[in-house]
Each structure stands twice: as C-alpha cells, then as structure tokens.
Amino acid sequence: MKISVVICTYSMDRYEVFCDAVDSVLEQTYEPVEIVLVVDGNETVYERVREEYGDVENVVHHNNDENRGISYSRTKGAELAAGEIVAFIDDDAAAEPDWVEQLVEVYAESDAIAVGGDVKPDWQITKPDFFPAEFYWLVGVVEPGFAEDGEEVRNTYGSNISYRREEFLEVGGYDPNTGRKGDRHLQAHEAPVGIRLLEEYGRGMVFTEDAVVHHKLFDYRGEFDWLVSRSFWQGYSKRVMDLLYPDAPDDKSEYLEQLLTERVPGRLKGLVRSPSAAAVKQLLAIFVFTGAVGLGYLYAILTPNVVEKANS
C-alpha cells in the first residue's frame, strides 16, 4: 500500500520547523512513502525546498502560482500524489517514526475510508498554567475524552489525518474557502470533508491513538488574548458549518455539553479536595473560552449573509 504524505508551507519564518516535519517523514519505518511538498506561492521558500529536497528520492515539490491558502494547497498536494492513501501533517509538527505504519495498519485491517491519529502538545515555551487540557483543540491538539481508540469520528485534527486518496478527491478535497489563508482563518476545514465522506460513503474517520505526531506550540498559542480570539472564531466557524451542513453530526457541541455537565463538576470537586491557583485559573479559563465560542456563534447569527462573506 503506497502512502503519500503531503506537507504544506508558506513562510521562511517556519522553514526550520518545516524541515523537522519533512525529516520526521523521511525517517518513517514504513516503505514506500512518497512525500509531496507544497509551497504556497513563495518563490524564496520554494528555491530552498528544491535545493534541500529536490534530489531526494520519492519527494515531489510544487509551488502555487500565488498564496491560495492551506486548504487549496493540501488538495493540490493530494492531486499531485501517487499513493493509494494520502496523509497530511502540519509544517510545525513532527511524526513519530512508526506514524505511517500505524495509519496503514488500520487501513489494512479494516475498510476504513479515513484514519486520523493522536496529536500531542510540544510546547516551545513553558505551558501556561491557566490553559486547561479540555481546550487543547483550540491549538490543534487532541483533548482528553476526544475519542476511544478505534472509534469512528467525523474527523480528527489536521496535524494528523489521512484519507483514501480517490475518495478524498471524489468529494472535492478541502474547501479552499476554509482554513488558513494569509490573515484569514475560517476554521474547521477538516469538518466539511468528513461530512461529505459520511454523506457519500456512509463512513467516518477511524481514530487510532497509536499513530502519533507532536505539534509544536509557540509562544503566541499560549497567550490568553489569542486563545480567546481563537475561541470566538471557532464559534463563528461553527455557525457557518451549521448553515452549510445542517444535518451533519455536531461533535464539538456534544463535547462542550459534556465539558459543562461532567468535566467542570469534576474539576470543582478536585479543587475542593486540592486547592491551587492553577486549578482556579484553568476553571475560569474554561468558562471564558466557552463563553467566547458562544459569542462567536451569536455574532455569526447576527451577521447578514454570513455564508456568502465566509466564501468571499
């Protein structure tokens, strides 16, 4: 089973960590692995990629004609790929050596149409003491209670996700109107693909905790203001997804409900038993982030033609 791994990048500021991601895939225990490197419209970055990886076996490289965003770039990478399976890893993540092997094992032993794995935090700073693990999903890291090993979900996170290539392209790949593009970020760009796969094939994505990548978390991802803003736009994006796909499963709403009805009471009990300043900060952060998600959702409700604006 041939696997193609697509890695997209766009800025010289991320080039060093991008190389870490590429090298982690080059060192995989599984063979054969094709690597497709997509540069999003930056000629300087592309020249470096060609210099360093142009002569490496099983590495394909491409530069978009202009900055088109992460969703366009990932779909372009899948179109250029030759593998039966196409996997994606972020340019600021690094895969464990058996990452591909573990993904392939699920495909080989089941009729899975898509497989995603665990994403662990790799803090590049000291983890902020106010940041609750329940909101790791804000920074693309798997949160506690996300899914059981082998469970079928709508989608996992973009740092560790894979699809049967033919089916992925058949449903249109990633929507170029979602995902990172310059300073704009309509979030949840993995969700529409998962929804369309469910609608077309009746199957979701299998989560495997044994396929692991480590997502680098830089200083800005630990800033309280950034996390509140991120929460707000998550809520906004959720409203857009609800309008586009009104009958789709709502994993995140179910998680937030579980958070408030089960995990918060559990945290309160723990705080009574073992009081600490960090525990108080994390509990308050849960309420602030949840509130920001709600405000973002409300803002989208009140925004005229929100879907048209998201697609513009």
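These notebook entries record what I looked up in a predicted model.

**Basis.** I took the residue numbers as running from 1 along each chain as its sequence is written, and side-chain values as resting on heavy atoms, with hydrogens and water left out.

**Core.** The largest core has 81 residues, of which Val5, Ile7, Trp99 and Tyr163 touch the most other members. Beyond four places in sequence, Trp99 has contacts (heavy atoms within 4.5 Å) that include Val5, Val25, Gln28, Phe88, Asn160 and Val212.

**Helix H6.** I took helices (H or I, at least four residues) and strands (E, at least two) as DSSP runs numbered from the N terminus. The expected span of a helix is 1.5 Å times one less than its number of residues. For the twelve residues of H6 (residues 190–201) this gives 16 Å, and the end C-alpha atoms are 16 Å apart, which agrees. I listed the buried residues of H6 as Glu190, Ala191, Pro192, Val193, Gly194, Ile195, Arg196 and Leu197. They pack against helices H3, H5 and H7 and strands S6 and S8. Just after H6, Gly202 takes a positive phi of about 70°.

**Second largest pocket.** I looked up this pocket on a 1 Å grid over the protein atoms alone (an open set of points where a 1.4 Å probe fits, with protein on both sides within 12 Å along at least five of seven lines; lining residues have an atom within 4 Å of a point). The pocket holds about 160 Å³, the volume being the space filled by probe spheres set on the points. Its lining includes Val25, Gln28, Glu31, Pro32 and Asn58. Helix H1 (15–26) and strand S2 (33–39) each supply at least two lining residues.

**Backbone at the lining.** Pro32 lies in the loop between H1 and S2, and the peptide bond from Glu31 to Pro32 is cis, with omega near 0°. Asn58 lies in the loop between H2 and S3; its phi is near 65°, a positive value in a residue other than glycine. I noted Asn58 as partly exposed, with a relative accessible area of 38%.

Conventions: Predicted model: local features only at pLDDT ≥ 70, side-chain atom pairs only at ≥ 80, totals over all residues. Core = buried A, V, L, I, M, F, W, Y, C linked by side-chain atoms within 4.5 Å. Buried < 20%, exposed > 50% of the residue type's maximum accessible area, 1.4 Å probe, protein only.
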